[in-house]
Amino acid sequence: MTRMHTVPSRNLVGALLAAVALAAAPATHRTPGGPGAPGAPGAPGAPVAVSAKLSEWQVELSQATIAAGSVTFTITNAGSIPHAFEVEGEGIEQETKLIQPGSAATLTLTLKPGTYEVYCPVGDDSHKKLGMETHLTVAPAENVQAIQVTGGGPVIQILPGPFPFPDSAAPILEAFGDEREGLESQVKNGPYSNKVVRSSGAFTFTAWDKGAVRDSVAGVAEFAAQDGAHWKLVMDRVQTKDVPHHPRFGGVILGLYYHGVTQVHTPLVPTIKSAVALWAVGHLYKNGVLVTDNAMVHVMLLSRTRRDGDFALACWDCSKNKIEELQLQILPGPGEPPFDAPGGFLFVNWEESRSRNLAS
């Protein structure tokens, strides 16, 4: 039977393809702010943090290469005799006072691109000559783009329901191979539907586009679900893995047209323009209890696709609409059970949101 070309749901990449792609993303168990977590970079212009350990007879740096700009060295004397810490190069020669065994000191400098000697100057460079010397490379400063987003306006939870693909999607679905079955299942009971309930909550995050695998994000979302449960999501790291059919699927992407006629990601949903789109891994709590440290998260601030009042999907080419619809989708991590929520996932929109670009 031929179906009518009804307006399909918006941005299928978030839930239909994200359900496939994010499930394939690498799972990492990291505590917010703990070792190895990218965490939230400091405010633009904040010093880079480098740790240094002094001992007999070596100097160890936590990073061998940093970007030009302000840097704060935190130096620990792990040795058994007093040491000091000196940075020399590119017209700079600065050192700490003597650091006793078991003690620490800090040194903040502004470094331009170049190679610097880092060493212990104690004993008129005697410690340096015994091996307490290393080098620090300072690369040109990055042109980091960042955006801060704040959710606002009516908050709605989108519940599972029918998703009527247009007939023109049939040949496109054929090309998806193993993903096809998952996509087609969304037709009967998918996350994109006009079945919505009003909710409440807040969502603020900052995303840094540093290129490829070095993107980062920091943000918190809190909202009430249909059953009255209180959910909280803490985002502290970005998923950057590409997936089949969708190169550059992961990471932070700013200011791009997606879907529909753009030939960027899936054409099965309306054409939109996004201020920011990202895929992250987060820590999810329900009523104050940790559910998972590996929630698969898709976030997008895009041109409005839903109409006021009933919040039904309202357009096919939505790219000229005002960018204010903030979408948050949260899925279980790989191998984890569905959430205790309709459909086993969470899908919340803030309909009148805003953003601002941050200086690099």
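A disulfide joins Cys 315 to Cys 318, with an S to S distance of 1.9 Å; the term is used here for a pair of cysteine sulfur atoms within 2.5 Å. In general, a disulfide is a covalent bond between the sulfur atoms of two cysteines. The torsion about the S-S bond of Cys 315 and Cys 318 is about 115°, so this disulfide is right-handed. A search of the whole structure finds 1 disulfide. Both Cys 315 and Cys 318 are buried, where buried means under 20% relative accessible area, exposed means over 50%, and partly exposed covers what lies in between (1.4 Å probe, protein chains only). Elsewhere, Cys 120 has 0% relative accessibility and therefore counts as buried.

A word on the basis of these values is in order. The model is predicted, so local features need pLDDT of at least 70 and side-chain atom pairs count only at pLDDT 80 or more, while totals for chains, interfaces and linings use all residues. Residues are numbered from 1 along each chain as its sequence is written, and side-chain values use heavy atoms, with hydrogens and water left out.

Turning to the overall fold, the chain has 4 helices and 21 strands; helices (H or I, at least four residues) and strands (E, at least two) are DSSP runs, numbered from the N terminus. Of the 360 residues of the chain, 49% count as buried. Among contacts between residues at least 6 apart in sequence, 67% join residues at least 24 apart, a contact being heavy atoms within 4.5 Å.

Strand 14 (residues 216-224) runs antiparallel to strand 15 and is joined to it by 6 bridges; two strands pair if DSSP finds at least two bridges between them. Within this pairing, Phe 223 has Trp 231 as its bridge partner. The two strands form a hairpin with 5 residues between them, and Gly 228 in the turn has a positive phi of about 90°. Strand 15 also pairs with strand 17 (residues 272-286), again in the antiparallel sense, over 7 bridges. There, Arg 237 stands opposite Val 281 of strand 17.

The largest nonpolar core has 33 residues, of which Phe 205, Met 235, Leu 278, Leu 328 and Ile 330 touch the most other members. Such a core is a set of buried Ala, Val, Leu, Ile, Met, Phe, Trp, Tyr and Cys residues joined through side-chain atoms within 4.5 Å. Several strands each supply at least two residues of this core, including strand 10 (145-150), strand 13 (201-209), strand 18 (289-303), strand 19 (323-331) and strand 20 (346-350). Strand 17 gives the largest share, 5 residues. Leaving aside neighbours within four places in sequence, Leu 328 is in contact with a set of residues that includes Phe 203, Phe 223, Leu 233, Val 297, Phe 347 and Trp 350. A second, separate core of 23 residues includes Ala 52, Phe 73, Ile 99 and Leu 136.

Aromatic residues are the next topic. Rings of Phe, Tyr and Trp (its six-membered ring) pair if their centres lie within 6.5 Å; planes under 30 degrees apart count as stacked, over 60 as edge-to-face and the rest as tilted. By this rule the count is 5 aromatic pairs. Phe 203 and Phe 205 form a tilted pair, at 5.2 Å centre to centre and 40° between the planes. Phe 203 and Trp 350 have ring centres 5.3 Å apart and planes at 50°, so this pair is tilted too. Because Phe 203 lies in strand 13 and Trp 350 in strand 20, the pair ties together parts that are 147 residues apart in sequence. Ring pairs link Phe 203, Phe 205, Phe 223 and Trp 350 into a cluster. Phe 203 and Trp 350 are both buried, and Phe 205, with a relative accessible area of 1%, is buried as well.

A charge also meets a ring: the charged end of Lys 128 sits over the ring of Tyr 119, 4.1 Å from its centre. The criterion is NZ of Lys or CZ of Arg within 6 Å of the ring centre and within 35 degrees of the ring normal.

Finally, some backbone details deserve mention. A cis peptide bond, with omega about -5°, joins Glu 56 and Trp 57, and Trp 57 is placed in the loop between strand 1 (48-55) and strand 2 (58-61). Asp 124, although not a glycine, has a positive phi of about 50°; this residue is in helix 2 (residues 122-129) and is exposed, with a relative accessible area of 73%.
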